[in-house]
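I kept them in the order in which I went through the topics.

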Amino acid sequence: MTILVEIEALSRRYGSTLALDNVSLQAEVGLVYGLVGANGAGKTTLIKHLLGLLRPHRGTVRVFGLDPVRDPVAVLRRVGYLSEQRDLPEWMRLEELLRYTQAYHPSWDQAYAERLLEDFGLDRGKKFSDLSQGMRAQAGLVVAVAHRPELLVLDEPSSGLDVVVRQDILDAIVRTVVEDGRTVIFSSHLLDEVERMCDHVTVLHEGRVAVQGPVDEVRATHRVSQVRFPKPLESTPHVEGALSIAGDGRSWSIIHTSALESLREAVAQSRGEIIESRTATLEEILIARVRRSNRQRQAA
Amino acid sequence: MWTPAVATLWESWRLTRRRLLLVPALATLCGWLLARNGVSLLTFIILFAAATGMALSLPLFGTRPAFPLSKSFARPIRTSVLVGTPLAYVFAAAAASYLLPAAVLRVATGAPLPLFPAATLVGALAVLVAGGSWVTRNATDRTGLAIGAYVVAGLMLKFLGPFRYAAKVTRAFSVKVASPQLCVLSALDYLAVLLLLAVIYLWISFMVARQRGGEDEPSCADPSPGRSASERGDILESIRSSCVQVLRWRCPVSSPTSAEIWFEMQYYGIPVLVIGALLALCIPVLIQWANGSHSAIPLVIAACSFCAPFLAGVGASIWNRRSSSREKVPAFEAARPIGTAELIGLQVLVTTLCIFAAWVLMAASAWLSLPLLTDLHQNGSPAARALELIHQYGIRLLTGAIVGFTLLATIIALLAAVRAFASSNGVRTLIGALCVVLYIVVVIVAVAQGWIDAIVIDVHLWGLVIVMPAATVIILGKALAGGILTARQVAAAVLAWLLFAVLSVDLLRTEGMMNAAAVLVALSLAATVLPLMAVGIAPWSLSVIRHA
């Protein structure tokens, strides 16, 4: 399997804030990678390192085997990028942006661009100052994918897109890219979207990788179990291997990474029993991880 | 008690505190150096100028157009309080920026500086500026109002106390001593100022209420909320927007270079040319006016207008296109698949070409208009005279044009570098620049006062002679090592620089500069490496913010 992106022990600091702390990530060809995390988790910072827009303070970043800071042209030529800010020149018309971007990319696929414009219903004669946030996102998406990049990097692509466009067109674009044997890395706070579209997920929390791996694997290793105790408990029960415990009285919901048998044994010590257990959703995993981290920080 | 008015006051202070602390402190320091040597009139001028600068800048708060505290529109506060509090703050802060340094120096050195009348004038000027900029989001209207405010301020200065003594002021300049009589306001003058402030307050309140109610729409030149560079929505933005509307052509797709040149020309280059062309049309009118009125003022205006294309060119064209986020360079620009050296090279080239072309247009207009000045006796028509000069000095003119063009490009590239460094290390760059300026002032004052020998200046100049080439080598080496410049680019730059150096030396020789003092000759020769330094430092500095 060809490795397209290789990030090793990447750290980045903004003043006294550690934005990324020892983050490692590898992206292979033909897969969709999702970056999820709360606001300020470090998703955009990580993406900017991929594009060479930020210089690593520690660690290394390689894209196509190249250093994107030292060799930005060779890297950026093969990358399609949609920024979170949708920072496009106000005075430009969509037509002009398409031609301007085309000049940079010999692999530009005009027919594909036309089709996407039609799908989005965008008027190519309009200036960006006249476009809504959603239309800007759509325009940005068109110029990011129309040159058929080997690596598509999307920073919060859903932001500004309505649910229909998101489910129909964004999904289709990502699928097309992957079917062509290319790679997508995208950040999102919409976890159902990540779950639906990604092969691989990296959960970031406060600049650190909280969970990483294939989506199915990550989900399989996290379970939500409903536990019932014979008598109401006055305080949160202590259960080995639990990421988060919520509830009150006799019924408690536990998100855990430990095996079901271990949990059963741990609960049995307090004469409790598991009445239901299922794999956790990404949303549940993220919330549990963030809460645990906050608890640990408060305890420290 | 934390009331809405106090909260607004605190916000006003938070947005302006740096300059409010820094500028008066520096003015006091300079004033103290002068006042203790008995140059009290210059002290007054410096304090008054610094305070006037504060009065002009304080009301602008940040870069937000129109009323600067518009984020408070959604808060439960009455418009009259929302306007009155910052307006009172602006008046008091601007007045204090003169009053406090003047009072301190008056006590410390005994310099007879005027106090309250001058402070009142400064405060009133700040309120006038606020009146010109807070009342509308429409860029064109705002620019017109700002000009109007300056005109009123000028009239105010002319008719109020200090300038009724115009003749005495002129005499006072010759005696170098300030006096409280320089600035005197009668009770009637104070009343007039108060009335003016009240009218401005009522007007701003009315207009801000309109903004709050969404009745004041921005002009087409005003930006969408995306970009702070254009958020200023000033006259330059209006010109750019209009130029793009009128002079639009298709972006070429043949190469990144051609697309980049199109991008630079379309929004940043063409407006500079248009400004040059418009001013070229105005110059004959000014010369005709000077001839008719026998006044030098129109000629001074015509001469000063040559600054306009330069300021318009460097104002926002080079890496000043901040995004709405905290990024120093918008992602749209930073993520283009083009090398930093190529990108800045094209930007500098387009800007230089446009400014140069604008200047040529203006100079040609001035030259052709010279016969309008009847006092100036010329032989033959300007066109014939120009041909004659070209025939006579053709090579030297060409050499001068090449050297001038290169120097202009160098200045633009160095300014871009300073701007890039300032945006990545704002405070440190500012402190560094201030230290350098202060050091130069101290050395000059020390030499002028005879505290140290004049040879110290020569030593500094010789130091510069050594530092410039050495710094150039280091910078180019760093750019090369960092992969910002390739060996081929450096080689090409060195070859071009050799040509420039030969032409410069030839020009210096023909102008007789080689007979000047040895240190000046050495300095002139060393300065020829500046273009080469710019080749290294511009992409290096931009790489610092592109890959922050």
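I began with helix 19 of chain B in this model, which is a predicted one, and looked up which of its residues are buried: they are Q489(B), W497(B), F500(B) and S504(B). I then asked what these buried residues of helix 19 pack against, and found helix 15 (340-369), helix 16 (382-424) and helix 21 (530-546), which belong to chain B.

Next I checked the length of helix 19 of chain B, which runs over residues 487-510 and has 24 residues. At 1.5 Å a residue the helix should span 34 Å, and because its end C-alpha atoms are 34 Å apart, the two values agree. Past helix 19 of chain B I noted G512(B), which follows the helix and has a positive phi, near 80 degrees.

I recorded the crossing of helix 18 and helix 21 of chain B as left-handed. From helix 18 of chain B, M468(B), A471(B), T472(B), I475(B), L476(B), K478(B) and A479(B) take part, and they meet L530(B), L532(B), M533(B), G536(B), I537(B), P539(B) and W540(B) of helix 21. Sorted by class, this contact holds 11 nonpolar, two polar and one charged residues.

Last, I looked at chain A, which is divided into domain 1 (3-214) and domain 2 (223-279). Taken over C-alpha atoms, the centres of domain 1 and domain 2 of chain A are separated by 40 Å.

How values were computed. Residues numbered from 1 in each chain as written. Chains lettered and ligands numbered in written order. Predicted model: local features only at pLDDT ≥ 70, side-chain atom pairs only at ≥ 80, totals over all residues. Helix = DSSP H or I, 4+ residues; strand = E, 2+ residues; numbered from the N terminus. Expected span 1.5 Å × (residues − 1). Buried ≥ 20, exposed ≤ 12 C-beta atoms within 10 Å, placed from the backbone. Contact = placed C-beta atoms within 7 Å. Left-handed = near helix turned anticlockwise from the far one by under 90°. Nonpolar A, V, L, I, M, F, W, Y, C, P; charged D, E, K, R; others polar. Domains from an automatic or database assignment.
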